[in-house]
Structures are given as structure tokens and as C-alpha cells.
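Work through the following exercises with the sequence and the structure at hand, and try each task before reading its solution.

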Amino acid sequence: MLGYQDRDIGDSPDDWFELVHPDDRERLRSMIDANLAGSITPIEHRYRIRHRDGSYRWMLARAEMLRDDAGRVYRIVGRQTDVHGENESDTDPRIGGLHDPLTKLPNRTVLTDRLRLALARARRDPGRPFALLFFDVDRFKNVNDSLGHLTGDRLLRAIADRVQAACRPADTVARFGGDEFVIIVEDITDVRGATAAAERILGEFRVPFDLDGLEVFASVSIGIAVWKPSYERPEDLLRDSDTAMYRAKANGRNTFVVFDEDMHARVVATLRLETDLRRAIARNEFRVYYQPIVSMTVGRITGFEALVRWQHPERDLLLPLSFIGVAEEMGAIIQIDRFVAEEACRQLRAWQNKYRHNPPLNVSVNISGTQFLQPDLVQQVDHILRKTGLYGRSLTIEVTESVLMENAQYASAMLDQLRALDIGISIDDFGTGYSSLAYLRRFKIDTLKIDYSFVSRMLADEESSQIVKTITTLAGNLGKQTVAEGVETRSQFEALRELGVDRAQGIYISPAIPAEEAEELLARTVREDNHLRRILHDRLKTSAPTGDSVVG
Ligand code: C2E
Ligand code: MG
Ligand code: MG
């Protein structure tokens, strides 16, 4: 079949895999692996394999595992059929055809050619531009993982059919790879031609797909790039429509987004930020700032919240909001959080030794969603505690409401383990997400942090004030503490105290400050009964008052 003599191919499976086209090898392997691991769907797969003459030929393999009584696979039986030439143009040995064997749509090679043509045409006749629609199937991985590759393949075929039916004959629908498709919408007058096409495609997905009796709903996210004179190569359009597609995903999927220049600027800025962040980790450019948290009733500093800052070599000190999002996306947040946690624990231990507080000072560290979902979080925290000598009860971990509620089962187990180390748990930005009351009761949480947005509006707006009141009552009933964040004025402070909020942080008391300043603050206040009074008094002496914030 392949032109080889008996001895040309060895008898280890790897000798055979060697001949399979590199682009097809992984998939073939994973299918066989899935079967070895117990999947009972027979293997049915098209792939390319190298003929002795060096060309690749399309084969269809159908195979089944034979198992012994213990269920172990002892043999694979099956057959390989030469299906080369079934697609009219898959005879080019180098690229293995112009059509995607699964969907029968034109493949990337054809697409690139047609894009080149379209670019040339538009250059000649700029009044009749075209657009590129780039889309992929939302959460396609879920389909593959839960229903299997075969069903995934069927879905892709069905999608290809529907999308093609929704397009005009002059348009090119191509499979770009995986679950990605591209459409060249020809001959439009302006962007509306492209958005209308996108609307039509999205409409095709309102009805579920029938995959041999199985009903599956799917949706797609579409990015659109409309031709403009500065586009020179097919890649330019592909890049921009891809960028727009990611926007569409970020906007909640099942929608389309048209690329614009701002988007490009944002992509470039994000790329630069990513590069800078990598360097920042390597060169230790992060600093930990400390914001005191005081008890409302007796004005004692009960501890600090550790907040990261980035000492960028060419820019001012950067606040987390300008880089945390990107750091989360690229995974760098893990290293940042670990650094902050370790540094904060070390610092706190040193302060506890030097300045005796009763109960001992506490430090809160923020944990990102990514970090919280690390299976070894507990071991990591335990390691940091051992290394720094800080007691678990002196550490509080702040997790946002949405991270906890969106991963409720997992979160519950994780919190139990953290509590076993005596660590405090605080829900950050409380009130801004959705909490289930049942979970709030079940979760081992100590503190609710009332979000800055409510605190800042509570005096001006009755609703925010009611929300603060409700959170405080809820916390009281559930036996949890409250901390108000972002307290900026004395009147806010007083109002919060009257509502029975336990502790506060905010610039009324102190902004987040470097470790040396925080230490100086501790030195000044440690002998006082009321730390807060001392802080406010000292500030009155040294700086001009701003608003009513420091008028004590
Ligand atoms: P957060 O945990 O809710 O922290 C409180 C934020 O409010 C801090 O902003 C703090 O500086 C700010 N703030 C404090 N007092 C006032 C005030 O009186 N008025 C106003 N307007 N703001 C005040 P920051 O330091 O910029 O941090 C922003 C967010 O970044 C934090 O919100 C936290 O979610 C995140 N973050 C900070 N450090 C880390 C870290 O080490 N790891 C992770 N994962 N996230 C961090
Ligand atoms: Mg926080
Ligand atoms: Mg917060």
C-alpha cells in the first residue's frame, strides 16, 4: 500500500508513528491512548502517512482493541484504507490536499490564496472592499472532553455545513484549524455588510445540532477585520480578526466584534507589559506596601494588608490595577502572589518580635483566583509559614467573592484545609459579586471586607448605606467580622462605627506605605492605648488637612 518492503518498517509502534504526517501524529496517538485507557468507541480516523516515494497519502484507519479477561489490551485489530484522492484535490504531496478532510472545506492554503486575490482586487477597486470573519466554537474543548473526539468531529462537520449554507456562494468559508473557521465576505460596501454576515452566522447557532440523536447547543465568537488600504498581506487580516475574536470572547462569547485601531494599540501595550512583567519577576522589581487596619472601637492597629507595588525602572511606582489583570492572564500572578505572601509574612514576624501587640499583629495577603485554584496552595502557604516562623493565626488570606462563589465546591474544601492551618479567611470586595447565603454559612470565613464602592457612597446615597448596614447585620448573624475598606473621611469612619463595623482601613487612617514607614508608625504608636488617635494627631501637626479627612 505504501510501497515499502517487509523489512523497511520495523515492528515497534513508533516505527509506524514515525511515518505519520507530523501534523496528524498527536491526534492519532491521543485517539489510540484514549482507547487504551478504556474508551470503547472504535477508532475511526483519517490521517496522512508517508509513502516510500516521500509523498503523504490519506488513510482511513478503523480499529478496535481486543482485551483479555482482566480487561488488558493485548491486540489492536483494524484496517487501513487508502482514501487518497477522495477529495478531488488532495493529491499535492507536500500539503496533503487543499481541502480539510474532516469538513471538506477549503483549508488554510486555499484561504491564503483567496485572501491574496481579495487583497489585490480591493487595491484595484477600493470602493468594493471585503471583510474577514474569524471565529471559533465557544468552549469546544468541553464538547471534546465530555462527549469524545468523534462527537467533536461531528459537531465541526455540522457547523461547517450550516455556516456554508448561511454564506453567499462568492464567499469563502475555510477551516483554519482545530475549531477555528474563517470566512472571506466579498464585495461589501462598508462594515455593515460584514456585521450582517456575522449576525447571520450567529443566528445559525440558535437551533441545536443533532449529532446522531444527541442534541448539542453550540455558539461561536466572531472577530471581524474589514479591508483597509494599509493591509498588505493575508496575515495582517488574520491577525486583526483574531484579536477582535478574543475581544468577542471577553465580551461574553456568542457575539461578534469589529477590529479597530484602539484594539491594536491595546494589544501592543499588553505585549509590552507582558515582557516587562517577565523581566520584573526576574529582577525582583516588586515591592510590598502595607496599609494599617484599625479596630473601630478602640483605635488599635490590628494588622496590615499587604499590597503589591511595581517599581518599574522607567516609570513611576505602578499600582496593581495597571498590571494585575495581565499578570493573571499570563500566569505571572502566581509568582507575584508567592513573593508578596512570603515577604509579608517575613516582615510581620519581624514586627511581631519588635513590637508587642495583644493579640499579635496580623497580615492580610491577597490571593488571585489563579493562585487560589492551585492544588498545592495549602502546601505553599504552609511552607511560607514554616520558613518565616509566622503563626497561621497571624495570617489572613483575602479572596474575592466571585472566585469563591464560582468555584464553590472546590473553595469549600480549600478553605477547610487553610483553616486547619489556623489561617484567617477574608472575602474581599464583598457585595460586588453574587453570594449564595448557603455557601456563606458553610464556608469557613472569618471576615467580610465591605467594598470601597459602598463605603465611598454611603453618605451620599441611601442605597449604599443600606447595603453596608445589611452586610454588617449579615456578618453579625453569621458570627463573622467586618472590615470596611477605602475609608477616606472622618464622617465615613463615624458612620461605619455606628453601624457596628468592626475594623477599617483607608486613607483616613493611612494609605498603603512602604515597610520602613509602617515600621515607623508602629514605633510611634506601640505604647499608646489608642493608636488611631495618635496617628491622626501626628498628621495634623505635620501636614495640611485635605477635605475633612484629617480634621480630628
Ligand atoms: P483590594 O484588596 O480591595 O485592596 C484595597 C485597595 O484599595 C488598595 O488598592 C488600596 O490601596 C486601596 N485603598 C486603600 N485605602 C483607600 C482609600 O481610602 N481610598 C481609595 N480610593 N482607595 C483606597 P491597590 O493597592 O491599588 O490594590 C488594588 C487591588 O489589587 C487590591 O484590591 C487587590 O485586589 C489587588 N492586589 C493588590 N496587591 C495584590 C497582590 O499581592 N496579589 C494579588 N493577587 N492582588 C493584589
Ligand atoms: Mg484586599
Ligand atoms: Mg477590596
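**Exercise 1.** Decide whether E398 is buried or exposed, and then find which protein donors surround the magnesium ion (ligand 2).

*Solution.* E398 is buried, with a relative accessible area of 2%, where buried means under 20%, exposed over 50% and partly exposed in between, with a 1.4 Å probe and protein chains only. This is a predicted model, in which local features need pLDDT of at least 70 and side-chain atom pairs count only at pLDDT 80 or more, while totals for chains, interfaces and linings use all residues. Residues are numbered from 1 along each chain as its sequence is written, chains are lettered from A and ligands numbered from 1 in the order in which they are written, and side-chain values use heavy atoms, with hydrogens and water left out.

The protein donors of ligand 2 are E305 (OE), N366 (OD1), E398 (OE) and D428 (OD), at 1.9 to 2.2 Å from the ion; donors are N, O and S atoms within 2.8 Å of the metal (3.2 Å for Na, K and Ca), and because water is not among the atoms, sites may look incomplete. N366, for its part, is partly exposed at 26% relative accessibility.

**Exercise 2.** Find which residue coordinates both magnesium ions, ligand 2 and ligand 3.

*Solution.* D428 coordinates both ions, which are 4.2 Å apart. D428 is buried, with a relative accessible area of 7%, whereas D429 is partly exposed at 26%.
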